[in-house]
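User: Could you take a close look at one part of this model for me? I'd like a single connected walk-through, please.

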Amino acid sequence: MATKGHPPTQRSATSLPLPTNHRSRYYNPVSKIQSIIHNLDSELGQLCSLCSGPKPPGSSNNNDSSHHRRGHGATVAAGALGSRAHAKHKISDQYYQDSISKLLARTRSTSTYGSVIPPARLPLAPDAQRRQLRNVYRTRVMDAYRNRRIFTVHGNYHTVRRALLRRGWLEKLPASRYTNLQSMSEDSLLEHARRGNDYETVVLSKMVSNFPSFFIWQGKGQRDLFAEVRPFRNRVRRSHFLDFSTKVGLVGCAEQEGWYREDGVCGMSYPRFYRLGSKSVEERMAFIEDYQQTQARSVLRYIMEHKPQELIDTDNGTIMSSHLDFALTKVKQMVRQAQHCSLDDARAKPPTPTEVVEIQTFMVQSAEVLKSQAKFRVNETVMKEYVRLATQYIDQIESLRPDYRWDGSRNLWILKPGYQSRGIGIVIRSCLDEILQWTSSNQIKKYIVQKYIERPYLVYRTKFDIRQYMLLTIGESKVTVWTYRDCYLRFSSQEFTMDDLRESIHLTNNSVQKRYKNKLSRDPRLPRSNMWSLDQFKTHLRAVCAPDDTWSNIYNGFKQNLVAVVMASLDETELVKNAFELYGCDFMLDEHYNPILIEINATPDMSPSTEVTAKICPVAIKDCIRVVVDLAKNPLAPTGLFERAFEVNYTINRGSDGVQHPLELNGKQMTIFEDLPKLKNKNRTRILREILSNMKVSAGRKLDKMKKAPAKEAKANASSKKKKVPRRASKSRASLEAPAELQHSGPKTILSSATRENLALEHTAPKGFPLPERRMGGISTLSQMPYRHLRASKIYRKWSVNRCI
């Protein structure tokens with residue numbers, strides 16, 4: 001039964017007990033719906049008034065009717081109230097829907113994309129819109145600065161830009177990009193700014209211009225900016241001597257890698273090299289010696305590769321067998337040096353005039369054999385014996401020096417500018433005089449001479465190399481070497497031959513090969529673009545029945561070479577936190593699938609020049625960003641195809657001033673002898689010091705005259721001086737006064753350098769030392785053999801070794 005002021009439904013609801021499992025239900029749905037409708041009516045009316053839109057009919061009476069319903073609704077039955085509310089709002093609901101649709105249409109037509117502006121402010125002046133957009137951009141800029149998400153990319157590395165923009169970074173443009181837009185004012189840019197367009201990029205760059213960049217992708221020659229904030233920078237600096245991204249630096253690393261060599265972990269396989277552009281006489285002489293040794297091996301390999309009948313002509317042959325004997329002797333000496341059989345073989349000896357003539361004759365005659373196929377004047381039996389000995393010695397030296405297996409029978413050398421890439425200035429020569437002349441006339445380019453690989457692994461008679469990527473990162477206390485598990489092959493456009501030395505045959509750089517057309521007679525299984533992916537190369541290895549673990553061994557060889565190069569250069573590397581660098585490493589394979597490191601490029605070409613590079617290069621850059629940016633924040637972040645090959649721990653010494661200092665050694669000097677007894681100077685040493693202090697270096701004629709003086713005068717002078725000397729000092733000075741002829745008051749005696757050396761040997765040689773005039777046959781006086789030659793002789797070394805033992 002209904003009471004006054006309470007609907008019957010509400011009364012019945014309050015009079016009944018509430019079930020415990022239905023406490024969250026609405027027990028008066030009509031009143032709840034009414035309150036929701038009233039709130040919506042008031043909000044919609046307020047919105048229409050703000051937008052200056054027409055008010056809905058009856059909206060002025062809504063509030064009164066609502067108050068009336070709230071005051072007198074208790075006396076009306078629920079069913080009648082629901083029916084009247086439904087009939088009254090049926091017409092107004094349709095009008096509300098039309099008004100909302102029109103309002104949304106107006107909002108879409110006048111709103112600025114990407115801005116957060118209330119619909120009521122859209123019709124305002126453009127200045128207000130720019131202020132609102134500027135505030136939004138400034139908020140983004142401050143957020144990017146606080147989170148170290150401002151980057152700068154020099155060059156057309158758009159993959160790097162897109163990868164960082166997807167991570168919420170803001171770009172600080174270099175001066176070379178969008179030069180026309182960067183000259184515009186900020187207000188003009190804001191008028192045209194839309195989400196993702198160039199105007200928005202430039203206006204954001206202007207706003208971050210006063211902030212440092214925390215990621216910098218720059219060129220090798222550019223100056224390192226914002227070093228104080230330790231940004232991610234794609235440059236690792238090191239000294240020129242060990243900068244392996246240059247030919248000269250790679251040579252320096254190859255010289256140092258022996259200290260870090262470890263089987264299965266670190267080892268470098270690199271052709272022989274010489275820096276002939278450095279004006280070093282010692283290195284030039286070493287190259288000449290290596291060239292002559294290579295010529296001897298080339299002759300022996302030449303007779304091994306041909307049948308004896310093709311090499312001999314007993315009647316009209318022009319090459320004597322003595323040249324083969326010379327080549328065998330040369331290789332035999334190389335085997336002894338490699339085995340360290342004798343120190344005499346390892347010591348550099350200047351050739352005698354007879355040896356010089358013999359070497360020059362051999363070089364001329366061997367060149368005729370290798371280039372003109374001259375015949376030997378020997379019979380077949382003798383030639384077979386020479387072939388047997390040549391095979392024996394070549395196998396011995398190649399087992400000791402595996403890099404000799406890459407040599408053929410042409411003695412070819414490749415000349416490269418020390419600080420250039422992309423095949424610029426590279427030539428191949430085989431004549432010694434031409435090589436020396438070329439390097440001497442191009443001293444500015446700092447040429448290096450490298451042994452050309454005459455026996456590479458070929459694919460369908462075509463030369464190729466492999467481009468492998470390496471990433472080097474420097475953290476707080478670690479240097480990490482990353483290798484990429486994907487790579488690609490680059491082919492030459494012509495078939496390989498040693499008779500033609502053109503670059504189109506022997507240089508596989510894409511920058512070189514793109515200038516030539518593929519030879520029509522080339523194998524059709526080779527790609528037209530002269531590139532293969534790794535999957536295609538693995539298919540080829542299976543087709544030629546290579547062992548199953550061939551590629552895994554090749555890839556492990558890549559890692560060992562690159563780790564060796566990094567370790568060799570680490571002493572001269574600037575260990576700056578967050579520094580990284582991506583390298584393009586070029587390898588070749590020998591006939592046994594062993595990788596050979598050719599060169600390393602600091603700024604590899606990542607452009608999609610072919611279908612192969614279009615697939616691998618963008619993915620490699622994305623994986624590089626994963627390693628550098630993502631892994632620094634999350635140690636468990638994926639690194640793509642980059643694999644951690646090696647890791648080195650290091651520590652930076654920080655002084656009291658907080659400045660980082662380079663690596664230094666802390667320790668205590670080692671004391672070899674605690675109490676070293678003081679040795680008294682012997683009489684002969686005192687005599688020699690007195691002699692040399694009173695004589696000038698010129699000629700020794702007066703010394704001979706003094707030796708011929710009568711012995712009586714010497715005794716008389718000695719006895720007269722003994723009387724003047726105190727008795728306690730007579731014994732100590734007797735030895736100084738013995739050669740009284742030399743202590744005359746006249747002018748000082750002048751000695752030549754040879755005479756001084758002879759006197760030094762005579763007066764300082766220990767007792768029992770075999771002097772030359774007594775032991776060395778054919779030499780009767782000391783002046784015939786200088787002291788420096790005697791000291792290097794076998795007699796002196798043998799005596800000194802026995803003396804030490």
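Analyst: Thr639 is buried, because its relative accessible area of 16% falls under the 20% cut-off. Bear in mind that this is a predicted model. Thr639 sits in the loop that links helix H22 (611-633) to strand E14 (642-649). A polar atom of the Thr639 side chain lies 3.1 Å from the backbone oxygen of Phe642. Beyond its neighbours within four places in sequence, Thr639 is in contact with Trp482, Asp623, Arg626, Val627 and Leu631.

Now for some helix packing elsewhere in the model. Helix H13 (residues 322-339) and helix H11 (residues 281-305) have axes that come within 9 Å and cross at roughly 120°, so the two helices H11 and H13 are oblique to each other. Their crossing, H11 over H13, is left-handed. On the H11 side the residues involved include Glu289, Arg297 and Leu300, and they belong to a set that meets H13 residues including Leu324, Lys330 and Met334. By class, that H11–H13 contact has nine nonpolar, three polar and three charged residues.

H13 also packs with helix H16 (residues 380-400), at an angle of about 25° and with the axes 10 Å apart. H13 and H16 are therefore roughly parallel to each other, and H13 passes H16 in a left-handed crossing. Among the H13 residues at this contact are Leu328, Val331 and Val335, while H16 brings in residues including Tyr386, Leu389 and Tyr393. Sorted by class, the H13–H16 contact has 13 nonpolar, two polar and two charged residues.

Conventions. Residues numbered from 1 in each chain as written. Predicted model: local features only at pLDDT ≥ 70, side-chain atom pairs only at ≥ 80, totals over all residues. Heavy atoms only, no water. Helix = DSSP H or I, 4+ residues; strand = E, 2+ residues; numbered from the N terminus. Buried < 20%, exposed > 50% of the residue type's maximum accessible area, 1.4 Å probe, protein only. Polar contact = N/O pair within 3.5 Å; in protein donor to acceptor, adjacent residues only side chain to side chain. Contact = heavy atoms within 4.5 Å. Axes fitted to C-alpha atoms, helices over the stretch in contact; angles between N-to-C directions. Parallel < 35°, antiparallel > 145°, perpendicular 65-115°, else oblique. Left-handed = near helix turned anticlockwise from the far one by under 90°. Nonpolar A, V, L, I, M, F, W, Y, C, P; charged D, E, K, R; others polar.
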